Amino acid sequence: MTFYKPVFRHPELPKNKLGYTSAEYEGTISTLCAGCGHDSISTAIVQACFELDIEPHKVAKLSGIGCSSKTPAYFLSNSHGFNSVHGRMPAVATGANLANKDLLYIGVSGDGDSASIGMGQFVHVIRKNLNMVYICMNNGVYGLTKGQDSATADVGSISKAGSVNPYPPIDLASLAIELGASFVAQSFSGDKDQLNPLLKAAINHPGFAFLNIVSPCVTFNNNPGSTKSYQFVREHAACTGRTDYVPVMDTITKSYAEGELTSIELHDGSVLQFHKLDNDWNPEDRLSAIAALKKAEAKQEVLTGLLYINRNPKELHQILNTSDTPLNRLNEGALCPGNDILRDINEGFR
């Protein structure tokens, strides 16, 4: 059976500065299970790109293999897309970024794709600080192969089949901070009010931005005993603070009470406002962020919100000192230094 997405939209849908409605940012009909948290994340990406007035054709969306990696088909149909080999999305994103750094790169992965077969790639893309948004749709289960525990399943979590996971989980957010990621946030797919500003901030961050989003699998990991189920996450979510995203065009003020609110100015002039719960919380302190995650883990809480940010990251092109002009636009004259220079180079190796 084939399903087609209706093309009719309300004629008075709001338009952004580009004159586009949200329809220009949508994708095809989702084939994921009804109620899958991944669909909520796709919707949040559509909303964030629409509200940020991003040209869809200036976005490259990449993924690996798994339920999560199907989602790029469900948002931004008018953008570039590549579905890579299992766990190899970061390498493809790195190559594409080096060829054309002017695109916005959104990488979508899952806990199997990132924390198991793709762990090596995950580690190295952070180390290189590739300028991209890396989203891990984390449900703690291999849904596509029908319910095995993944490497992010919490110890003691009970699967749908009744087995108890004996292994401790890999905490991707903590790992990303320890490896030097310059933007790390954590959220819940069912909390669109928090997810939207975090996505906007990640998109505007000039470096590697990692979002670990708990996204319950309604079919294979939404049962009593699972720590990635809707019920468990809603009962155990603890927010680091109230987050909001202030668009660039708005007037920015910094009138806030000391100890209650931290304003973080991003490189493009946009600002994340962070309402602290604890007076000693500092989102620019890597050790503090890791400690907060560990404390939450000990209390069986899911800590959400902006966890860590480095306002002065050095992304991959700066590290490699590449050309200001994207490599895919360099012509023959720019690429060929000429016979005399080539002759000198060759002489240098003799």
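The expected span of a helix is 1.5 Å times one less than its number of residues. For the 15 residues of helix 1 that gives 21 Å, and the end C-alpha atoms are 21 Å apart, so the two values agree. The model is predicted. Its chain has 350 residues, of which 48% are buried, and its secondary structure comes to twelve helices and 13 strands. Of the contacts between residues at least 6 apart in sequence, 70% join residues at least 24 apart.

**Helix 1: burial and surroundings**

- Helix 1 covers residues 37-51, and its buried residues are G37, H38, I41, S42, A44, I45, V46, A48, C49 and F50.
- An α-helix has 3.6 residues a turn, so residues three or four places apart point the same way.
- Just after helix 1, D53 has a positive phi of about 60 degrees.

**Helix 1 against helix 7**

- Two packed helices are described by the angle between their axes and the distance between the axes.
- For helix 1 and helix 7 (residues 192-204), the angle is about 60 degrees and the axes are 9 Å apart.
- The crossing of helix 1 and helix 7 is right-handed.
- Helix 1 contributes I41, A44, I45, Q47, A48, C49 and E51 to the contact, while helix 7 contributes L195, N196, L199, K200 and I203.
- By class, the residues of this contact between helix 1 and helix 7 are eight nonpolar, two polar and two charged.
- Among the contact residues of helix 1, I41, A44, I45, A48 and C49 are also buried.

**Helix 6 against helix 9**

- Helix 6 (residues 172-179) and helix 9 (residues 286-298) cross at roughly 165 degrees, and their axes come within 10 Å.
- Because angles over 145 degrees count as roughly antiparallel, helix 6 and helix 9 are described as roughly antiparallel to each other.
- The crossing of helix 6 and helix 9 is left-handed.
- On the helix 6 side the contact is made by A173, S174, I177 and E178, and on the helix 9 side by R286, A289, I290, L293 and K294.
- The contact of helix 6 with helix 9 has five nonpolar, one polar and three charged residues.

**Two loop serines**

- S77 lies in the loop between helix 2 and strand 2 (80-83).
- The relative accessibility of S77 is 41%, so S77 counts as partly exposed.
- Leaving out residues up to four places away in sequence, S77 touches E26, G27, T28 and K61.
- Between S77 and Y25 the C-alpha to C-alpha separation is 6.7 Å, although they are 52 residues apart in sequence.
- S226 lies in the loop between strand 8 and helix 8.
- With a relative accessible area of 2%, S226 is buried.
- The residues that S226 touches, again leaving out those up to four places away in sequence, are S157, I158, N221 and F232.

Conventions: Residues numbered from 1 in each chain as written. Predicted model: local features only at pLDDT ≥ 70, side-chain atom pairs only at ≥ 80, totals over all residues. Heavy atoms only, no water. Axes fitted to C-alpha atoms, helices over the stretch in contact; angles between N-to-C directions. Helix = DSSP H or I, 4+ residues; strand = E, 2+ residues; numbered from the N terminus. Left-handed = near helix turned anticlockwise from the far one by under 90°. Contact = heavy atoms within 4.5 Å. Nonpolar A, V, L, I, M, F, W, Y, C, P; charged D, E, K, R; others polar. Buried < 20%, exposed > 50% of the residue type's maximum accessible area, 1.4 Å probe, protein only. Parallel < 35°, antiparallel > 145°, perpendicular 65-115°, else oblique.
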